[in-house]
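Good morning, and thank you for coming. Please take a moment with the sequence and the structure before I speak about salt bridges.

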Amino acid sequence: MPAVSKGDGMRGLAVFISDIRNCKSKEAEIKRINKELANIRSKFKGDKALDGYSKKKYVCKLLFIFLLGHDIDFGHMEAVNLLSSNKYTEKQIGYLFISVLVNSNSELIRLINNAIKNDLSSRNPTFMCLALHCIANVGSREMAEAFAGEIPRILVAGDTMDSVKQSAALCLLRLYKTCPDLVLMGEWTSRVVHLLNDQHMGVVTAAISLITCLSQKNPDEFKTCVSLAVSRLSRIVSSASTDLQDYTYYFVPAPWLSCKLLRLLQCYPPPEDGAVKGRLVECLETILNKAQEPPKSKKVQHSNAKNAILFEAIALIIHYDSEPNLLVRACNQLGQFLQHRETNLRYLALESMCTLASSEFSHEAVKTHIETVINALKTERDVSVRQRAADLLYAMCDRSNAKQIVAEMLSYLETADYSIREEMVLKVAILAEKYAVDYSWYVDTILNLIRIAGDYVSEEVWYRVIQIVINRDDVQGYAAKTVFEALQAPACHENMVKVGGYILGEFGNLIAGDPRSSPLVQFNLLHSKFHLCSVPTRALLLSAYIKFINLFPETKSTIQEVLRCDSQIRNSDVELQQRAVEYLKLSSIASTDVLATVLEEMPPFPERESSILAKLKKKKGPGAVSVELEDGKREGGELNGGGERGDTPAMSASNASTPSPSADLLGLRPAPAVGSAPPSVGSLLVDVFSEGPAAATAGVNDDGFLSSAPPPAVSEEPAPPLPEAEDLLNKFVCKNNGVLFENQLLQIGIKSEYRQNLGRMYLFFGNKTSVQFVSFSTAVSCPGELPTQLNLQTKTVEPLIEGGAQVQQVVNIECLTDFIDAPLLNIKFRYGGALQNITLKLPVTINKFFQPTEMLSQEFFQRWKQLSQPQQEAQKIFKSGHGIDTEVVKAKLLGLGTALLENVDPNPENFVCAGVIQTKGQQVGCLLRLEPNAQAQMYRLTLRSSKDTVSKRICDLLAEQF
Amino acid sequence: MIKFFLMVNKQGQTRLSKYYENVDISKRAALEADVVKGCLSRRKDECSFVEYKDYKLVYRQYAALYIVVGITDTENELSIYELVHNFIEVLDKYFSRVVIYPSPIQSELDIMFNLDKVHIILDEMILNGHVVETNKNRILAPLLVLDKMVES
């Protein structure tokens, strides 16, 4: 019989727990529990009124049973009764039961609210704390309605006990999160900020959580917290290790509070006030210095607490991204951790360095650690650490080290954990393409990728290698040779067969001169894989065969024989059968000329828009799918009938199945089962690039978004853009990633990348609540004349977002010509029945399509003079919004996308930049000059470009940034 | 933000669970099983932070007892790791005074038989998913009041 704490020892409870522990099997446990539940139920129902002690005992038992994973459907009433007991122990158990078991059962909540109200007015601090804890734990709307007015008063009242203040702060935070509409800002707000000055550290700790949350939502109103937080931090950082007494943890003064202060500061940009900023920089330096001092204790708790602060300080330095000196020191510090014997530190250092790699100030410093990171990838025993190492390699990759990093990642892939292979494959594919100077290297890399991790190579990856080979004729011969060699391996992955079939079908002729890869050898090699492949791959191979007939007339009889055999022409799969029949017919009746036209080499990935896609755009709803199918069939028919259309059939077929120019160049979407695609003759591409029915829903038209099954909520008109939409847009002019929008329910994050006139934007919709969003839908639309200037493509998102979950949506962007307006993003969903309807501006601005141009001084001014017509220039003179900081300005100008030209302007204070806006129709060269006047805190910004609208737009956009 | 706080024994049985975000009871068991599986199978030399869905798990082992905390990415991993230790030290401080035991507090029995008290301690330290108090004496103050009342 184990001992029980003295005093209120509940013997019955102890016996019960011991019984459970002694149960030999799950069945025995369930039996014992059911017996106990029956016992408690009968006690609760019994005529005899239970005394407080018994109630408490039974509620404890129920709690215990609940923790074992059994649902409890009674006892709530008894728990509520305990709330009104004036015995602390009973009251406490009642509150405990409720905070663990009650969600928002309305009837009970009213009773609970009553008890809470009594306790709040009891002036007994222990009771008040219990009541506040309960609100903080349950936090339902009814509670907010009842107490949202009361709690701020308790929080800031002069005579409130410290412990009650702490509970009240977190309680208010809960209510603010559940019902922001009920928590009204007021006179108390400024007093809350001053809690940062409270002499009691516990109060400060609690208040920071509240202030952090409030200032994220109302940054301006809480701006004063920055200087208060800095001075608090500075006092802690400079205190001796024993000054803070009970708040010192293993010789580290107030580690948790320090972390929270540093986290609060990350809600704001660097302090504008020079003195505050100086003090903060001093703090950060002290924290970095302390890391180098000998430890005050050998205990791991000491170093952990110290490092917790250090990592948070580094996070702040990265967040500011404006102090090159601190960034480099942070990087060196993390570099030391990379070799530390504590796995936790290595993990965190890798993670933190990953964000550091994206700062221009520290990118080079991060790169110096490449060998250590590669070593970590190879030798770390923990997969999560290896994963971080792979992430960091990806982040630090640039043109100078791409080959090394890609090679290391490839060799790691051979032994990589299954859980991270797919991601690794994508990363390798992206890096290989992004930094490919020499495309044969790219082809080798991707084929290696398929060889090593074929199962994890998604369709996008192999689509992409084919697109690149098709569009670059200097690599076609090499690709054909390499893929031919790869196919000779006795066992090769089906994805390799797909790439092989496609490439040999197009470019087999380039290697046919070599007797070792003569047409027949190529054909036999491909056909030897045929029987091992799945239906979609076989269908692709059949198309490759018909292409062979055109490329190599000498293979015609062999291939016809293959097509004619029963296993093809009578194949039970309708898709394969149809192809065999049609290809056989085509090869026997069409003249060489017709054949050559139909089976012509694929055109480069398309320069013009598909006619069918355009048609699709006018269509709405699910009908669009059938349109595409019919159209595909008809073209096939016409083709057989002689093909009298203006287009060559192969062209129209290929365009029909090609989603859009932007999608092509940045990678394709996965094709759904090919079986559903129309087998039009000669449309080799249907195999590979068909989007099938998905394509029908992928188009965007002027009215918004095509959805195959519009959820009911979508019938409402999209809301007009939010008033702050323009400001949100401005935030993204000089950056591509970040949080676009956030409210109580929803957070929208953005990641985007641009190349030439194409872009891809990832939108992340995060459900911040614990309740699912239903009928979730998004629509991207182009107002005004934007549809003729920008081409946007996106897919529908899942209509459901679980609480706490995030969904992603990809928007493909093509810039046709320069533009001013931003596309609109409308989001609709239902949250707890209420329709939410939000419209934002998508941060797609013309400067995203900048290609930086480096030039020397002479050249710059020569061009500057050439653009001297008045309409080519746009100029603005404006006051600096944030003070003039050279590094910040530089970062912004680089973020704009232009090249920052050093030593060009005779006045070293001035900034000059050059870049070319890439649109589909034309390229617009832009020159920029920014002249700061530190004394007057003013800027003069001058833009010159060959197009007046571009000069003006960029001038307008950029003027908002300083 | 801290999303949940679990105490689990080596057999994977939950001994204490506290959620700071509404998780359906039916889903809790599955989540706990998942989380426990993720942490218990790890070796000593692996790091104490595990990514799990949208959370990060921070876990620490004390003899037969595991403490697993689910946090979001706005939380500092090391500070949570030490928060767990601070919590254990508070339990130690409390129980070694009250309970006459040969084994240290890490024994899960303490927690099972004193679930209510462990909850009080936890509520003093973490409220609504945020750290509110780290000073051991202040954390234990309400509990001592309670004990005094019972004695008198």
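I shall now go through the salt bridges of this structure.

This is a predicted model, in which local features need pLDDT of at least 70, side-chain atom pairs count only at pLDDT 80 or more, and totals for chains, interfaces and linings use all residues. Residues are numbered from 1 along each chain as its sequence is written, chains are lettered from A and ligands numbered from 1 in the order in which they are written, and side-chain values use heavy atoms, with hydrogens and water left out.

Over all chains there are 52 salt bridges, each being a side-chain nitrogen of Lys or Arg within 4 Å of a carboxyl oxygen of Asp or Glu.

Let me begin with helix 2 of chain A, residues 26-45; helices are DSSP runs of H or I, at least four residues, numbered from the N terminus. Here A:Arg32 pairs with A:Glu36, their closest N and O atoms 3.0 Å apart. The two lie about one helical turn from each other because they are 4 residues apart in that helix. Both A:Arg32 and A:Glu36 are buried, that is, under 20% relative accessible area, where exposed means over 50% and partly exposed in between, with a 1.4 Å probe and protein chains only.

A second bridge joins A:Arg41 and A:Asp73, at 4.0 Å from N to O. It connects distant parts of the chain, 32 residues apart: helix 2 and the loop between helix 3 and helix 4. A:Asp73 is exposed at 59%.

Finally, a network of salt bridges links A:Glu351, A:Arg388, A:Asp391 and A:Lys427 with B:Glu51, B:Lys56 and B:Glu77.
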